[in-house]
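Subject: Structure for your files

Dear colleague,

Here is the structure I said I would send. My notes on what was found in it come after.

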Amino acid sequence: MGETHLYLGWRTAILGLLVLQILAFAAALATTDTNRTANRLLGAALVAIAGLLVPYAIGFAGAYDNWRGLTFAPFAIPLILGPLLYGYACALEEDRLPAHFAWHLAPPLAQLAYFTVCFLLPLDAKWDWYTGGHAAFVAPLFKILTIVSLAGYAWAIGNVLRRYRTRLANQRSDDDRFSAHWLSRVQAAIVFGLAVEAVFWLWATLTGGIDYFQETGLYVLLGALGLYLGAAGWRHAGLPAPLTAPEDPPAAPEAARPVDWAAIAIAFAAQTSREGWWREPDLTLPRLSRRLGTNSGRLSRAINLGLGVNFSAFINDLRAEGVAEALRSRAEADLLDLAFEMGFASKASFNRAFRARYGMAPSQYRRQVSNPDSLAAVANLRRAKA
């Protein structure tokens, strides 16, 4: 019996640690109690990324050289990654799977079945197929399908996020808290990774082939992406599904006479301002509509058509005005304390809303109102238009 030699070098150490950390995040996400569907889909995506790294982590150690029977072991199923991330983006909205999600899983399940059948072949037959038909036809096909799949799902995730954020802004005043901006960075990283993969593919084509040692950077990049995805997903895992409130029943048709949405909106805004409801950090459209004695559809149309903004901008304008008013009498107050006092959930959302309303940063506004000569000019500033 020949001796077994494994080489536990730095490549195996780095990739092995990345796999363990990614799987730890996946396990943590699987045990969350909030937004369970979304978090489990993200956990499954992390397992898929770990699976993509395993063949290289053990391959760098010489496992495949020592045990050829590991050939075709179904660790890596790259076609599953896009559907899982897409499902996660969809489930962020309402904690449920997207429609017809089973069809999205058909290609990766077919890929898993192929690898499993090949893995179970007798060793000689397996090796002949691996070095013959698989290498010549199946592996290039899977490479093309993986690139097409990831590119298509990256585009689809972008569409889902845009729709999701539009709905958030129309229903929640704390929409920035739920916007999953980090997932957009993952989407960009996928596109970047595809570009890098294309460069390696071109390199292999022009040079007659490269070995996986020359692609070490690509695997480390994939592991870093998985680690970031796990850390950011875990950080936001405790957030509930933000758009679970039932929709209002269809509103009765408006009377034939024109509706003065501006006047209705001004009345709603005046009452909201007077009652101070805008100070609530998690104020939503349905909650405010109940307090105003109307329905969500009418309030939304009044804000959209009468004021020309969405619900989030409407409430955050009032908050920004509250901060501005406080600064005129308490110029030395801490800006972040004032922001939280007025209902902002984060420094980023405060700065963004204040700049949109007054066309300048809060700190610049404070410097201006400290100068009496500038008060009149500042008071006449209007909300910056997008």
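Helix α9 has 20 residues, and the distance from its first C-alpha to its last is 29 Å, close to the 28 Å expected at 1.5 Å a residue. The expected span is taken as 1.5 Å times one less than the number of residues. Helices here are DSSP runs of H or I with at least four residues, numbered from the N terminus. This is a predicted model, in which local features need pLDDT of at least 70 and side-chain atom pairs count only at pLDDT 80 or more, while totals for chains, interfaces and linings use all residues. Residues are numbered from 1 along each chain as its sequence is written, and side-chain values use heavy atoms, with hydrogens and water left out.

The buried residues of α9 are Thr-216, Leu-218, Tyr-219, Gly-223, Leu-225, Gly-226, Leu-229, Gly-230, Ala-232 and Gly-233. Buried means under 20% relative accessible area, exposed over 50%, and partly exposed in between, with a 1.4 Å probe and protein chains only. These residues of α9 pack against α1, α2, α4 and α8; contact means heavy atoms within 4.5 Å.

Helix α8 has 27 residues, which should span 39 Å at 1.5 Å a residue, and its end C-alpha atoms are 39 Å apart, which agrees. Among its buried residues are Trp-182, Leu-183, Gln-187, Ile-190, Glu-197 and Phe-200. The buried residues of α8 pack against α2, α4, α6 and α9.

Cores

The largest nonpolar core has 59 residues, of which Leu-85, Tyr-88, Trp-182, Leu-183, Ile-190 and Leu-229 touch the most other members. Two or more residues come from each of α1 (10-30), α2 (36-60), α4 (81-94), α5 (101-119), α6 (123-171), α8 (181-207) and α9 (216-235). The most come from α2, which gives 13 residues. A nonpolar core is a set of buried Ala, Val, Leu, Ile, Met, Phe, Trp, Tyr and Cys residues joined through side-chain atoms within 4.5 Å.

Leaving aside neighbours within four places in sequence, Tyr-88 is in contact with Ala-38, Asn-39, Leu-41, Leu-42, Trp-182 and Leu-183. Apart from this core lies another, of 38 residues, which include Leu-292, Leu-299, Ala-333 and Tyr-365.

Asn-39

Asn-39 is found in α2 and, at 3% relative accessibility, counts as buried. Its side chain makes a polar contact with the side chain of Thr-32, at 3.1 Å. A polar atom of the Asn-39 side chain also lies 3.1 Å from the backbone oxygen of Ala-237. A polar contact is a pair of N or O atoms within 3.5 Å; within protein, one must be able to donate a hydrogen and the other to accept it, and residues adjacent in sequence count only if both atoms are side-chain atoms. Not counting residues up to four places away in sequence, Asn-39 touches Leu-29, Thr-32, Thr-34, Tyr-88 and Ala-237.

Rings

There are 16 aromatic pairs in the structure. Phe-350 and Phe-354 form an edge-to-face pair, 6.0 Å centre to centre with 70° between the planes. Both lie in α15 (residues 347-358), four residues apart, about one turn of the helix, and both are buried. The rings of Tyr-358 and Tyr-365 have their centres 5.0 Å apart and their planes at 55°, so this pair is tilted. Rings of Phe, Tyr and Trp (its six-membered ring) pair if their centres lie within 6.5 Å; planes under 30 degrees apart count as stacked, over 60 as edge-to-face and the rest as tilted. Tyr-358 counts as buried at 7% relative accessibility, and Tyr-365 at 0%.

Ring pairs also link Phe-72, Tyr-114, Phe-115, Trp-127, Tyr-130 and Phe-142 into a cluster. Arg-68 lies over the face of Trp-127, at 4.1 Å from the ring centre, and Arg-11 over that of Phe-60, at 5.7 Å. A charge sits over a ring if NZ of Lys or CZ of Arg is within 6 Å of the ring centre and within 35 degrees of the ring normal.

Val-323

Val-323 lies in α13 (residues 311-329) and counts as buried at 0% relative accessibility. Leaving aside neighbours within four places in sequence, Val-323 is in contact with Leu-338, Ala-339, Met-342, Phe-344, Phe-350 and Phe-354.

Regards
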